[in-house]
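Q: I am new to this kind of model and would like to learn how its features are read, one after another. Could you take me through them slowly?

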Amino acid sequence: MRQRTVIPFGPQHPVFPEPLQLKLHLEEERVIEAIPVLGYVHRGLEKLAEQKDFVQNVFLIERLCGICSFMHALCYCQGIESLIGLQVPDRARFLRTIWAELARLHSHHLWLGLLADALGFESLFMQVFRNREIIMDVIEATTGGRMIFCSCLIGGVRRDIPNDLLKETIARLDQAEKLLDQIAPVILAEYTVKERTANLGIVTKEQARKLGAVGPVARASGIAMDMRTLGYAAYGDLDFAPIVEEAGDCYARIVVRVKEMYQSFDLIKQAAKRMPKGEHALPIKRLLPDGETVVRVEQPRGELMYYIRANGSKKLERVRVRTPTYANIPPLLHMLTGAQLANVAAVAVLSIDPCISCVER
Amino acid sequence: MGVYRWARQRSPWIVHFNAASCNGCAIEFFTAMTPIYDTERFGIINTGNPKHADILVMTGGANHRNARVIKNIFWQMPAPKAVVAVGVCACSAGIFHDCYNMLGGVDKVIPVDVYVPGCAARPEAIIEGILRAAELLAESGGEGVGGD
């Protein structure tokens, strides 16, 4: 009988910065079973959100995850706005879309950089991060922050992007898109990347449905599921279609994310072109949330869901967050079963682009 | 002393551990390693192995579960060593200080030498913090800072 060994992957691991722990049960080099061990980043944020008032919560919720902080604030604000019956001004909707897509861009750049590093393309990792800095500069110029934007508020956005700054932003993003044109073929057309990722970690369409995959993982398996098609913020006014690949392997997930980067550039340009005039925030004085609601937005990693229950006072009764990585852990465990140990870090784990601080809160 | 001081000021290797962090500081730490900020001009290299490292960069606060891991990584590092707490969460748990699962800043678990404030800390601030820690290593003259 073959001997089974258990290798802990994480919580401190060179490839993956976050404290994700997987207990990998191996038979020789093959993974027989992967058991996730969670809790290293658990802080108790949902409980804290019940102790602060609903306006302060925006700043707390942003700190749920540093990579997609804007998406969390957007989702929470949309929920509270629906509870107090507030219609956000048009300009705020478009500004929110621009920042949401900028957040998606910097998140996908980060993922591409980490993937390149894990595959052994060190200079590509550096190039991706150089390109990412252009986007970070744009974010800093428009919001004032780099990781935590604090630009989304209940009733609108904290600050406007003046038209001249918007033009400059688009020029900078054009520059970033041109640089991405040089980087993307390296990862998409390179023979070694294809050899390492194609036909690996396959999740078929049925399996993706059954396991509850969301976001790029579901879209790479042929499910056209994109919460942006719900038309929240300004997405209803922009032209786009979910990017879908059929293969369901790691390579398909890479393709989906790279195409989404181009889609984000396109969406920002569309939003800038159709940007309406007017005010960017409404006052929320003397308005208190009451009732319960469920809100969904598309994070860089997939569907983000907030459940908010309020009782007409300043403090909320319950804030429940369901993040995309949480939904993508069962597909990850499915991908890992039968994988070679060498492929675990580079290929399988990074292909779901996990965000552990989102999962554990 | 002269040779020790000279050697320790240059080329400190870093091990990074992401405790209960929101990733904001962790990503900024990675950004500090890349061409725009380029810590490698100081000889700073990010290594995955605590046994090769001189400086432990901590992002995020300590909670009940990861306290053991933080201690484990710290005690695996050879002396002299220094600890840099990056971001308000690592300094004092920040906005999460009264969460039920948080112990507080990293200094509740291991001795911290340099505190880098910010939410999230900027790459420039992180580089300055690491360089201060390298100075501490040089001044320690073989005695070792951080715990021993």
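The dialogue below goes through the interface, the cysteines, one glutamate and some features of the backbone.

A: Before we start, please keep in mind that this is a predicted model.

Q: How many residues of chain A are in contact with chain B, and how many of chain B with chain A?

A: On the side of chain A there are 37 residues in contact, and they meet 38 residues of chain B.

Q: What is the area buried between chain A and chain B, and which residues of chain A supply much of the part that chain A buries?

A: The size of an interface is often given as the accessible area lost when the parts come together. Here the area buried between chain A and chain B comes to about 3300 Å², with carbon and sulfur atoms giving 65% of it. Of the area that chain A buries against chain B, 22% is supplied by A:Q12, A:Y40 and A:R43, which is more than any other three residues supply.

Q: Which polar links does one find across the interface of chain A and chain B?

A: The rule finds two salt bridges across this interface, and it also finds 13 residue pairs in polar contact, counting pairs in which both residues have pLDDT 80 or more. One of the salt bridges joins B:R122 to A:E140, whose closest N and O atoms are 2.7 Å apart. As for the elements on the side of chain A that touches chain B, those giving two or more residues are α1 (45–51), α2 (57–62) and α5 (122–143) of chain A, and α5(A) gives the most, with seven residues. Sorted by class, that side of chain A has 22 nonpolar, six polar and nine charged residues.

Q: Is A:E81 buried or exposed, and what does A:E81 touch?

A: A:E81, which lies in helix α3 (residues 69–84) of chain A, counts as buried because its relative accessibility is 3%. Its side chain is joined to that of A:R96 by a polar contact of 2.7 Å. Leaving aside residues up to four places away in sequence, A:E81 touches A:L86, A:V88, A:R96, A:L153, A:I154, A:G155 and A:G156.

Q: Where is there a cis peptide bond, and which residues have a positive phi although they are not glycines?

A: The cis peptide bond joins B:C119 and B:A120, with omega about -10 degrees, and B:A120 lies in the loop between β7 (114–116) and α5 (123–140) of chain B. A positive phi is found at A:C150, about 55 degrees, and at A:N199, about 60 degrees. A:C150 sits in the loop between α5 and β4 (152–153) of chain A and is buried, at 14% relative accessibility. A:N199, placed in the loop between α7 (191–197) and α8 (205–211) of chain A, is exposed, at 64%.

How values were computed: Residues numbered from 1 in each chain as written. Chains lettered and ligands numbered in written order. Predicted model: local features only at pLDDT ≥ 70, side-chain atom pairs only at ≥ 80, totals over all residues. Heavy atoms only, no water. Contact = heavy atoms within 4.5 Å. Buried area = accessible area lost by both parts, 1.4 Å probe. Salt bridge = Lys/Arg side-chain N within 4 Å of Asp/Glu carboxyl O. Polar contact = N/O pair within 3.5 Å; in protein donor to acceptor, adjacent residues only side chain to side chain. Helix = DSSP H or I, 4+ residues; strand = E, 2+ residues; numbered from the N terminus. Nonpolar A, V, L, I, M, F, W, Y, C, P; charged D, E, K, R; others polar. Buried < 20%, exposed > 50% of the residue type's maximum accessible area, 1.4 Å probe, protein only.
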